[in-house]
Structures are given as C-alpha cells and as structure tokens.
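Hello,

Here is the structure I promised to pass on to you. Have a look at it first, and then read my notes below.

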Amino acid sequence: GDEILQSPTTVKNCSANIIELQNNNFDDISVGQSHEVDCILHTGTVMDASNVYISWIDPNGIVIQNNSRMSVVPTVSHIHNHTSTLKFSYLSEEDIGTYTCNATLPQSSETKTFIISSLSNPILN
C-alpha cells in the first residue's frame, strides 16, 4: 500500500508562542501583604532556557531588579513552559500601576501587562 508521509509544514500553526499571567488579580490584596504573579511563556517549539529571557517592567518603565520589597524568581524552564515569578514582599500604595512581563526569544518577543489599580487597606481593630 501507499504510505502517506505527513508533511512537517502541517504543524506550523502549533508553533505559536503564548504568554499568560497567573495570580494577577489584586482585588482582594491589602497593603502590607505579600503576593506573587507568575508569567508563563508557552513556546510552540521546545526551547532551551538559554534562548528565553523573561523580564518584568515596573510602572515607570524600569526593569525590576531585586530589592527589599520585590524580587524576580529566575526563570524556570520545562520543555515548552518557561515561568518567571514576580514577588511582592510588602505591597504598598506606591506599587499601584501597570506592570509588564516581557519575554524575549531569538525570533520574537511577547508581552503581557497587568494593572494594580488599587489595594484594600487592612481593617484595623
């Protein structure tokens, strides 16, 4: 019988890179609390960790470096998934604003933003 050879071009549409955020809802977060946001890049092709660079941009447009109030966990790569975690150790009003997760790949880049629009104030007894 005739063997049907699958052309490799048929999987082209699976090679899209998708970036998503998790835990990026601050509606129930109070001033003084800690919180972590995950940025997950799903690569359509298996990509070596050395080819993926994920950074976080603060509301002033500056790349977030580790400091006393926030830190970035180095990217964890697992086959198609690359995760970077932004940790707020102590949220304050000055953290309100728009944050961007920026994933840079050899051929492209992907971004995703989230907004801390307000923080609830803890109830003081």
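Let's start with the aromatic residues: Phe26, Trp56, Phe88, Tyr99 and Phe114 are linked into a cluster by ring pairs. Please keep in mind that this is a predicted model. Searching the whole structure turns up five aromatic pairs.

One of these pairs is Trp56 with Phe114: the ring centres are 6.3 Å apart and the planes stand at 75°, so this pair counts as edge-to-face, because an angle over 60 degrees is what that label requires. The two residues come from distant parts of the chain, 58 residues apart, with Trp56 in strand S3 (residues 53–57) and Phe114 in strand S7 (residues 109–116). Are they buried or exposed? Trp56 has a relative accessible area of 1%, so Trp56 is buried. Phe114, with 2%, is buried as well.

Phe114 has another partner, Tyr99, and here the rings are stacked, with 5.3 Å from centre to centre and 15° between the planes. Tyr99 sits in strand S6 (residues 97–104) and Phe114 in strand S7, so their pair ties together parts 15 residues apart in sequence. Tyr99 is buried, and so is Phe114.

Now for a hairpin. Strands S4 (residues 70–78) and S5 (residues 81–88) run antiparallel and are joined by seven bridges. If you follow Val76 across to S5, you will find Thr83 as its bridge partner. Two residues lie between the strands of this hairpin, and Ile79 there takes a positive phi near 55°.

Enjoy exploring!

Best wishes

How values were computed
Residues numbered from 1 in each chain as written. Predicted model: local features only at pLDDT ≥ 70, side-chain atom pairs only at ≥ 80, totals over all residues. Heavy atoms only, no water. Phe/Tyr/Trp six-rings, centres within 6.5 Å; stacked < 30°, edge-to-face > 60°. Helix = DSSP H or I, 4+ residues; strand = E, 2+ residues; numbered from the N terminus. Buried < 20%, exposed > 50% of the residue type's maximum accessible area, 1.4 Å probe, protein only. Pairing = 2+ DSSP bridges.
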